Amino acid sequence: MPAPTDLQGLRALNGDFTRFMMSYKFGIDEVMTKINILREEFSHRHDYSPIENVSSRLKSAESILAKADRKGSEMTLDGIRSDVHDIAGIRVTCSFISDTYKIFDMISAQRDVTVLQVRDYIAQPKANGYKSLHMIIEVPVFMSDHVEQVKVEIQIRTIAMDFWAALEHKIYYKYNRAVPERLLTELRDAALAANRLDVKMERLHDEVLALASVPGADDGVIDTRDIGRDAVPDAMLRMLAAARSDQQQ
Ligand code: 0O2
């Protein structure tokens, strides 16, 4: 059983690690807010959203230690902070390849964002077929008594790239990293097929955007935020009036 002084020491270490992890959680909160604002404001201005989905995750303590060990980091919180860049991770999925770069530019242009590293696996895919645009940024997090610069990794990719990466990740772990050559070849083929789909969908999208919209065309849905704001159509008002007068007779 540890002596009381050891226990106090352990509690202090526990507190250090909790504060370390909380700073990354706050980093994620800051960047999620930025991305959600971009998403909402962009869709309002351009009538379409370049972002399909945004998710975040914090690396587990085990995974942080394994990565620090792999990188030969100094095994202290400072050593880990300086070498492991993806403790806080955010993934943004977009419909089209050009949207991934738009999001990248909009994030990079923010005054309190420092871009520390960029890996463009979209322009230069990995040998296994992996495509994604990675950026490591640093954002200020305002604590009660100090400001901390926190690193956040952002992965930006299309839905097709994300579909591929999720499956490849699953296969990789299923085979404990020793994936049979046949599956690796199929994965490379699938990555090429996903890229062909991305290119074709974007071309179609551009073609449709270039068309003038047909006056009065209606896709049959409304945004829930517009309930009460949009005028109720005459036909609906006439129907309600007729129903009311039937009830009164
Ligand atoms: P997990 O479990 O997703 O967190 P670096 O520290 O920057 O020098 P690192 O971290 O390998 O080296 O950088 P890189 O290449 O930018 O990769 C970071 C993350 O991208 C990985 O984190 C994966 O999430 C993802 N990634 C990179 N390559 C691949 C790939 O080939 N397939 C898939 N599915 N994902 C990939 P982790 O920590 O490796 O994994």
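Modeller: Phe17, Phe20 and Tyr24 form one aromatic cluster; rings of Phe, Tyr and Trp (its six-membered ring) pair if their centres lie within 6.5 Å, with planes under 30 degrees apart called stacked, over 60 edge-to-face and the rest tilted. The model is predicted: local features need pLDDT of at least 70, side-chain atom pairs count only at pLDDT 80 or more, and totals for chains, interfaces and linings use all residues. Residues are numbered from 1 along each chain as its sequence is written, and side-chain values use heavy atoms, without hydrogens and water.

Biologist: Which geometry do Phe20 and Tyr24 form as an aromatic pair?

Modeller: Both residues lie in helix 1 (residues 4–46), four residues apart, about one turn of the helix. Helices (H or I, at least four residues) and strands (E, at least two) are DSSP runs, numbered from the N terminus. The ring centres of Phe20 and Tyr24 are 5.2 Å apart and the planes stand at 70 degrees, so the pair is edge-to-face.

Biologist: Is Phe20 buried or exposed?

Modeller: Buried means under 20% relative accessible area, exposed over 50%, and partly exposed in between (1.4 Å probe, protein chains only). Phe20 has a relative accessible area of 2%, and therefore counts as buried.

Biologist: In the open sheet of five strands, what is the strand order?

Modeller: Two strands pair if DSSP finds at least two bridges between them. Strand 3 and strand 4 (residues 133–142), for instance, pair in the antiparallel sense over six bridges. The pairing in the sheet is mixed, and the order is 1-2-5-4-3.
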